Amino acid sequence: MKRVVVGLSGGVDSSVAAYLLQQQGYEVIGLFMKNWHDDSVTISNECPWLEDSNDALLVAEKLGIPFQTVDLSEEYKEKIVDYMFNEYEKGRTPNPDVLCNREIKFDVFMKIALSLGADYVATGHYCQKNEIEVDGKPVYQLIAGADNNKDQSYFLCQLSQDQLAKSLFPIGALTKPEVREIAAEMDLVTAEKKDSQGLCFIGKVRLPEFLQQKLQPKEGKIVQIDKNDPIYAVEKDAGLSLGSALKLEAQKRDYLPTMGKVVGKHQGAHYFTIGQRKGLNVGGTTDPLFIIATDVETNTIYTGLTSNHPGLFKKALFIEKSEVHWIRTDLSLKVGETMEVMARIRYRQPLQKATLHQFEDGMYVDFDEPQSAITEGQFAAWYFGNELVGSGVIS
């Protein structure tokens, strides 16, 4: 009998995952990961992890499976939280959920599970796994979840073959309503529970408030750049090599505070991210202002009117060599090779047609259509059909 450790989060998805594994004849153990207990940075007195671990315990009792809580807060602080603050200080926008899966759930947590004699680790992610053979060896595919609305393959875009080999995604072939239905039939306490929002570790805390406790506020200017500014009239030089042309498409535009008019003040460029429109508190504009760039050196936020402002769009992005990650290592590109893929630069973005170009120092992702708000520090992921084959941090 194969043993599976399920990460029970106290939500409906992982509860149903545990139940389904039990139905499939696995020996199931429930583990709750406690990732956070530094009360000095929790905003509210609600203690979501206590409530969640209690729900996880009730589900385990209902299913009659062993249950324990593991405290991973040290590793979490070091691998996720500190990294996030570092990235924000540099003016980049990290993705804690992708990191949490790569560094915690499918690494630290997985090692604990395997030390308990588990054959597999299972989670309540909406994604699927498939096994094929390449050159006589097993190769694992990460496939999008069957529920288009809930597909979470993107959050697992940094997993490796070794991690996938030991992973199970029991609800990947179901839709959210079907999962809720199973939970209701089984009378699980989590059946009606709302989906968790906010950071994957501090429950009900919003990111800016969390950041404000570690990154000191400092007042700076909000500058509005006109959509007809000469910076957008870069002439395409017909004689450019492919590499130079891609570099031009992907590079950051160099804005200066003198290029536009000051329309307001902010409390720190590092709290803001490209494409954001809420939280600027600038009134009196005909259309909404969107952030087109932030500069933590000069502590300036650059904005443009409407979601069609040219400052929001770029056709290509670059991923440094060390950050290019292939789930399907057998498909990875050699220098000089290209590949047509479907790609996304954030969770829930519809897939976009793109071409990968592998160079000596890294990879360019060149989109057919210009993309809005390509953001440093976030992950670009690329697919063949509904299989996620690779990803990388946008540089």
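Tutor: Two strands count as paired if DSSP finds at least two bridges between them. The structure under discussion is a predicted model.

Student: How many bridges join S10 to strand S11, and do they run parallel or antiparallel?

Tutor: Strand S11 covers residues 300–305. Since pairing requires at least two bridges, the two strands qualify: the bridges number six, and the direction is antiparallel.

Student: Which strands stand at the edges of the open sheet?

Tutor: The sheet is open and has four strands, in the order S9-S8-S11-S10, with mixed pairing. From one strand to the next, the twist averages 30 degrees. An edge strand has a single partner, so one of its sides is left without a neighbour in the sheet; the strands in that position are S9 (261–266) and S10.

Student: Which elements give two or more residues to the lining of the second largest pocket?

Tutor: This pocket has a volume of about 680 Å³. Its lining consists of 35 residues, and those nearest the centre are Gln-251, Lys-252, Arg-253, Lys-314 and Glu-376. The elements that contribute two or more residues are helix H8 (242–250), strand S10 (289–295) and strand S12 (313–320).

Student: How many residues in the lining of the second largest pocket are charged?

Tutor: By class, the lining has 16 nonpolar and eight polar residues. The charged residues in this lining number eleven.

Student: How many residues apart are Tyr-26 and Tyr-120, which form an aromatic pair?

Tutor: The model has nine aromatic pairs. In one of them, Tyr-26 and Tyr-120 lie 6.4 Å centre to centre with 85 degrees between the planes, which is edge-to-face. Tyr-26 is in the loop between helix H1 (12–23) and strand S2 (27–34), whereas Tyr-120 is in strand S4 (residues 120–122), so the pair links distant parts of the chain, and the separation in residues is 94.

Student: Is the pair of Phe-359 and Tyr-364 stacked or edge-to-face?

Tutor: The ring centres of Phe-359 and Tyr-364 are 5.6 Å apart, and their planes stand at 90 degrees.

Student: Is Tyr-364 buried or exposed?

Tutor: The cut-off for a buried residue is under 20% relative accessible area. Phe-359, at 25%, therefore counts as partly exposed. Tyr-364 has a value of 7%, so this residue is buried.

Student: Which residues do ring pairs link into a cluster?

Tutor: Pairing of rings requires centres within 6.5 Å. Pairs of this kind link Tyr-154, Phe-155 and Tyr-347.

Methods
Residues numbered from 1 in each chain as written. Predicted model: local features only at pLDDT ≥ 70, side-chain atom pairs only at ≥ 80, totals over all residues. Heavy atoms only, no water. 1 Å grid on protein atoms, 1.4 Å probe; cavity = no way out; pocket = protein on both sides within 12 Å on 5 of 7 lines; lining within 4 Å. Points joined across faces, edges and corners; volume = space filled by probe spheres on them. Nonpolar A, V, L, I, M, F, W, Y, C, P; charged D, E, K, R; others polar. Phe/Tyr/Trp six-rings, centres within 6.5 Å; stacked < 30°, edge-to-face > 60°. Buried < 20%, exposed > 50% of the residue type's maximum accessible area, 1.4 Å probe, protein only. Axes fitted to C-alpha atoms, helices over the stretch in contact; angles between N-to-C directions.
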